[in-house]
Amino acid sequence: MSEQNTSATKPLSEFIPEVPEHNGFHKVVLELGVANHPGVMSHICGLFARRAFNVEGILCMPVGTGSTSRIWLLVFEDQRLEKMIKQVEKLEDVLYVNKHAGEHPVFGRLDEFFQ
Amino acid sequence: MMQMTGAELIVKLLERQDIRTIAGVPGGAALPMYDALSKSEQIHHVLCRHEQGAGFIAQGMARVSGRPEVCLASSGPGATNLVTAIADAKLDSIPMIALTGQVPLSMIGTDAFQEVDTYGLTIPITKHNFLVRSAKDLLDVVPAAFRIAMSDRPGPVLIDVPKDVQNQMVSFEEYPDVVVPDAAPSFDIAAVEEAAKLIEAAERPVLYLGGGVIHSGAAHMAVTLAEQASLPTTMTLMALGAMPMDHPLSLGMLGMHGARYTNYVLEEADLLICVGARFDDRAIGKTAEFCPNARIIHIDIDRSELHKVKDAHVAIAGDVGQVLSELLPRVKPQLRKRWLSHVESLKGRFPLAMPGVDNPRSPYGLIHAVANCLDDSAIITSDVGQHQMWVAQAYPFRRSRQWLNSGGLGTMGFGFPAAIGAALAAPDRTVVCFSGDGSLKMNIQEMATAAQEDVNVKIVLFNNQSLGLVHQQQSMFYGKRIMASRYERPTDFLKIAEGFGMRAVDLDPAPNPRATLAEALTTPGPCLIHATIDPNEFVYPMVPPGAANSEMIG
């Protein structure tokens, strides 16, 4: 992790890609540890999609030996989010869910690829 | 070192989980599994006439035994035909393993013959699902499927097995261990103590039991809690039987077709103790107006159910049996004379009206006539519609797992194959399926299966030549514009049953319908008992969809 080169000059929140604001809700970053096999992403995205809960950003890479992956989701904090998280935690392939503030840098660094 | 094909390994692993009956329909992509089954001396395969029938037969077995049971289908249409039964199991938390054949791995994604994305299709309707990519993986996948299906909140698990994986040879040293359910999550004793305090302090408490009480085997503890703390007790459709209907504290079923007094009692409650239920819309009506003055204690093994529909003041995520066993010694015995006598007076003023209960040619009368021929050992299933609600209101259920029906998904066509499954799981019991002419037609082909297996299943058919509940709603809420809910051409169900090799009895021309009914119910083997019902008989009371439970009609 080398945070200095980008975050020292500008506040991190500026690196979050511009997404349409609905109802003034805050952005939230979710970090999911998951089993790494085809289909996991489909299980997770399906949960959000069927509740018409838009996922604004998704990142996924394997970690360590590749038996698990980490998924980062950028979502809006609305009143359903806590319920959504409980549903996600119930999935067999989801090992843990951590909730971070929308300013978390993980999506910020991707900004340049979305210009 | 053991060596066998993937298909043989699947069958061995099922045998090790003590599976004795599988319901299924063969097809190309499942043939290696069927070949392996032909060599099993332990497993009896029930050949169904439609895969949905197989799914519901497995469900019927599981709802009676309380453990995962297995259905089997081929790829493509075999798998899609299972989908409804799997979704039904998901919504009612029924442990079930669905095994499906799939096209060979190399052909997946090519639109091969009878290929469908079974894995993708079943993601939202299973508790978990697997697409097996190598025979060796079966050593982990099959035990995991059983563990997941029966642990915590039970549910269906699907295993999709490509044909080449079924044929692949696998060598291994030892079989995996036979799996048992995971230990239930631990819970906070402080919350249990808080719950006990709320119960003690309440003046007008109501106990609200759901299907989780049945799954957890906790009905006797729930009844003890009710008796100890003088709690009037209502049950959801899924929990009927948890407390005997004739128990003095029983309020019967709540909700859309609950008795008036039941919904009125809930309206006055100052404490609602919800055990293994999920505040379903058919049970609670308009959310904001359900138990408007009550604090809520919610006990459920599924953490995501807590605070989902109603915020709870005390929420306990745990197995309801374990939580109740901690709660019971902390709840002070109490006799709430005032509250119980008030409930009694509401019951006296607003009872469940059962017009025609003495006439076996009317809905309530027929249900009572059937009940009078049976004892508590009988298993009762129903399809979905008016007959289901009448039975839920009027049948004297007195034990857990006596009543099997499709609660969450509300699947017409559930009742008859589920009854076959129940009879296969409990061959010494009489199984009665209350059905309607609309529902029965949706899986009528399983009459052939019932005849083949010679199961002791009696269908009591309420024939009003209608989709009765649709007809009722159109009459009540759509200006009596009856659209597509009347069957213009009558169906001769007696001939159909006989054509499939089932005995059939008609109560309509019988001079003494009670005697005819008793004879039919007590003669072993499958039988259709036909009764014509007036299509203008409606289920009352009824809460209009979306309205508060206090706004009952009738």
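Pro62(A) is exposed, with a relative accessible area of 51%. Exposed means over 50% relative accessible area, buried means under 20%, and partly exposed lies in between (1.4 Å probe, protein chains only). The structure is a predicted model, in which local features need pLDDT of at least 70, side-chain atom pairs count only at pLDDT 80 or more, and totals for chains, interfaces and linings use all residues. Residues are numbered from 1 along each chain as its sequence is written, chains are lettered from A and ligands numbered from 1 in the order in which they are written, and side-chain values use heavy atoms, with hydrogens and water left out.

Pro62(A) lies in strand S2 of chain A, residues 55-63. Helices (H or I, at least four residues) and strands (E, at least two) are DSSP runs, numbered from the N terminus. Apart from neighbours within four places in sequence, Pro62(A) touches Asn36(A), Thr68(A) and Ser69(A). Contact here means heavy atoms within 4.5 Å. His43(A) is 19 residues from Pro62(A) along the chain, and their C-alpha atoms are 17 Å apart.

Chain A as a whole contains 3 helices and 4 strands. Their order along the sequence is α-β-α-β-β-α-β. The chain has 115 residues, of which 38% count as buried. Consider the contacts in chain A between residues at least 6 apart in sequence: 74% of them join residues at least 24 apart.

Aromatic rings were examined next. Rings of Phe, Tyr and Trp (its six-membered ring) pair if their centres lie within 6.5 Å; planes under 30 degrees apart count as stacked, over 60 as edge-to-face and the rest as tilted. This rule gives 14 aromatic pairs over all chains. The pair Phe48(A) and Phe53(A) is edge-to-face, because the ring centres are 5.6 Å apart and the planes stand at 75°. Phe48(A) and Phe53(A) are both buried. In chain B, Phe538(B) and Tyr540(B) also make an edge-to-face pair, with 6.3 Å from centre to centre and 65° between the planes. Phe538(B) counts as buried, at 17% relative accessibility. Tyr540(B) counts as partly exposed, at 32%.

Ring pairs also build a cluster in chain B. They link Tyr364(B), Trp390(B), Tyr395(B), Phe397(B), Trp403(B), Phe434(B) and Phe462(B). Elsewhere, a charge meets a ring. The charged end of Lys441(B) sits over the ring of Tyr487(B), 3.7 Å from the ring centre. The rule asks for NZ of Lys or CZ of Arg within 6 Å of the ring centre and within 35 degrees of the ring normal.

Axes are lines fitted to C-alpha atoms, for helices over the stretch in contact, and angles run from 0 to 180 degrees between N-to-C directions. Helix H1(B) (residues 6-16) and helix H2(B) (residues 31-38) have axes that come within 8 Å and cross at roughly 55°. H1(B) and H2(B) are therefore oblique to each other. Angles under 35 degrees count as roughly parallel, over 145 as roughly antiparallel, 65 to 115 as roughly perpendicular and the rest as oblique. Ala7(B), Glu8(B), Ile10(B) and Val11(B) of H1(B) meet Pro32(B), Met33(B), Ala36(B) and Leu37(B) of H2(B).

The axes of helix H15(B) (residues 363-373) and helix H22(B) (residues 513-522) come within 10 Å and cross at roughly 50°. This pair is oblique. Leu366(B), Ala369(B), Val370(B) and Cys373(B) of H15(B) contact Arg514(B), Leu517(B), Ala518(B) and Leu521(B) of H22(B).
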